[in-house]
Amino acid sequence: MSTFIIAIILGIGFGFSLNKAGLTKYHKIANQFRFTDMTILKYMMTAIIVAMTGLYIFRGLGWVTFPTVPATYIVGNLIGGLIFGVGMALAGY
Amino acid sequence: MNRIKAFISQESWSPYLAGILLGIVGLLAVLLANTLLGASGAFESIAGLIGKKIAPSVFSNIYWGVEGGRAMPVIRPEINWSVILLVGIFFGGTLAAISSRTFKFRFNDDTQWKRIFGPQPWKRWVLGFLGAVIVAYGSGIAGGCTSGLAISVVCCLCQPLSYLWRDLWFLASSPF
């Protein structure tokens, strides 16, 4: 139960930051793919850097063990990613 | 205090700042719940849950698991952590839009979209729906969406229902 409360709170943080970064707007998404607006990349890369640095520090301190991540299977990831991109550019959300 | 209020009620933050917030959220997810952020799996769990009720024979496959089968399902049809996370994302987006006073029901108000495709809302809905179906299919094959596959990032804006959500959701989109 307590993990569900954590999930709600973290979800609120997630949604809040998505909205404030402007990722809920069509033109931000579409213009990223046309390379005329780099908001999404700036946002994603900042998040990755913060999370990655923190995670490795926490692991070094012994506070966390990394959760299992889905194994890479190149063909699936590639084809899936391509289809995903088509859909995302089409929907623009 | 007033400065903090004024800061929160800004319509959009610097993407770097919002990115730091998301990074911290992703970090806390691992620290507190030992889970990675992700959203596409949640949509698939919900779909499986509904599908198993409506058409059990169709949804009894390797993907959602077979009753009494030994193989682990790819997606467990259940209310799990990421489904709850999704609920939180919904409210987080709503909260952010309310905080910047841009909460509004919108059907098609993006000027760029209107310029390219025309002003009719139904076009927006049809294209959004088709795009979302393709996105969901792609994320199913790839085994995740943007968030799950890149440590814990974006996504959620690109899932089947998200397009409906966007309208119900918040849309801090600029008035023009």
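**Entry 1: the core.** I began with the largest nonpolar core of this predicted model, which has 41 residues, and I noted that those with the most contacts inside it are Phe14(A), Tyr43(A), Leu85(B) and Val135(B). I then looked up which helices supply at least two residues of this core each, and found H1 (2-21), H2 (26-33), H3 (39-61) and H4 (74-91) of chain A, together with H2, H3 (40-54), H5 and H7 of chain B.

Entry 2: What does Phe14(A) touch, not counting residues up to four places away in sequence? I found Leu22(B), Val25(B), Leu37(B), Gly88(B), Ile89(B) and Gly92(B).

**Entry 3: where the chains meet.** I looked up the contacts between the chains and found that 72 residues of chain B are in contact with 59 residues of chain A. On the side of chain B that touches chain A, at least two residues each come from H2 (15-33), H5 (81-99), H6 (111-117), H7 (121-142) and H9 (162-168) of chain B, and the largest share, 18 residues, comes from H2(B). I sorted the residues of this side by kind and wrote down 51 nonpolar, 19 polar and 2 charged.

**Entry 4: confidence.** I noted an ipTM of 0.86 and a pTM of 0.77 for the model. For chain B the mean pLDDT is 72, with 76% of its residues at 70 or more.

How values were computed: Residues are numbered from 1 along each chain as its sequence is written. Chains are lettered from A and ligands numbered from 1 in the order in which they are written. This is a predicted model: local features need pLDDT of at least 70, side-chain atom pairs count only at pLDDT 80 or more; totals for chains, interfaces and linings use all residues. Two residues are in contact if their C-beta atoms, placed from the backbone, lie within 7 Å. Helices (H or I, at least four residues) and strands (E, at least two) are DSSP runs, numbered from the N terminus. Ala, Val, Leu, Ile, Met, Phe, Trp, Tyr, Cys and Pro count as nonpolar, Asp, Glu, Lys and Arg as charged, and the others, Gly among them, as polar. pLDDT is the predictor's confidence in each residue, from 0 to 100. A nonpolar core is a set of buried Ala, Val, Leu, Ile, Met, Phe, Trp, Tyr and Cys residues joined through C-beta atoms within 7 Å. A residue is buried if 20 or more other C-beta atoms lie within 10 Å of its own, exposed if 12 or fewer, and partly exposed in between; C-beta atoms are placed from the backbone.
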